[in-house]
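Have a look at the structure first, and then read on.

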Amino acid sequence: MKTILLIRHGRSAHTESRPMTGRKFSAWVQAYNEAGVQESSCPKETVASIKDASCLITSDLVRSIESAKYLNPAVKVQSDALFREVELPVVSFTHLKLPPAVWTVLLRTVWLAGYSRHCESYKEAKRRAEKGAKQLAAAEHRSIALVGHGFFNQLLAGELRKNGWRGRRKTNSNHWCSTLYTLE
């Protein structure tokens, strides 16, 4: 039986949450992408599930790479930009100030509706997820763990399910979430 484990990175070290304009939110996203993770304690269940992985893959973003090192410092990590989080579109509202969490939900919603200024479209992200799922499924390893990002991992999971993989979602917080997929 082959397994693929999808894990979301730990909580970002970038914690700024004051309301800001859309223009400042773009800079906030850049800082978030450049930050590592703030916590080194991972749920025991996630650590246990990753210990048997013969291949550990991450996106090329710092929070994903650092999270993988916390989960299993002994395993060599392979980073690949293919597994980056789906970007958010850019807005240039100068007067409207919202907290980053609200900007994220608002921009993800308009992105799903088709607005993709300065980022890949939903259709392009789905194609990237399809490619990523094929790459994970074709890997010669019996057990693969991917430490990635929440939204892109959801797209990957959908593509894996389309191709006959079965999985169960296990979440215990907004970070360090894992989903296990198996193919028998």
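A salt bridge is a side-chain nitrogen of Lys or Arg that lies within 4 Å of a carboxyl oxygen of Asp or Glu. A search of the whole structure turns up six salt bridges. Side chains of opposite charge can pair when their charged atoms come close.

Before visiting some of them, keep in mind that this is a predicted model. Its mean pLDDT is 88, and 91% of the residues reach 70 or more. Among the elements, helix H5 (residues 122-138) has the highest mean pLDDT, 96, while strand E6 (residues 178-183) has the lowest, 67. Where pLDDT is low, the predicted coordinates should not be read in detail.

Our first stop is Glu 120, which forms a salt bridge with Arg 128; their closest N and O atoms are 2.5 Å apart. Glu 120 counts as buried because its relative accessibility is 18%, under the cut-off of 20%. Arg 128 is buried as well, at 14%.

Next, go to helix H5, where Glu 130 and Lys 134 sit four residues apart, about one turn of the helix. They form a salt bridge too, with 3.3 Å between the closest N and O atoms. Glu 130 is partly exposed, at 33% relative accessibility.

Finally, turn to helix H6 (residues 150-162). Glu 159 and Lys 162 are three residues apart there, so about one helical turn separates them. In their salt bridge, the closest N and O atoms are 3.2 Å apart. Salt bridges with shared partners join Lys 126, Glu 159 and Lys 162 into one network.

Technical notes: Residues are numbered from 1 along each chain as its sequence is written. This is a predicted model: local features need pLDDT of at least 70, side-chain atom pairs count only at pLDDT 80 or more; totals for chains, interfaces and linings use all residues. Side-chain values use heavy atoms; hydrogens and water are left out. pLDDT is the predictor's confidence in each residue, from 0 to 100. Helices (H or I, at least four residues) and strands (E, at least two) are DSSP runs, numbered from the N terminus. Buried means under 20% relative accessible area, exposed over 50%, partly exposed in between (1.4 Å probe, protein chains only).
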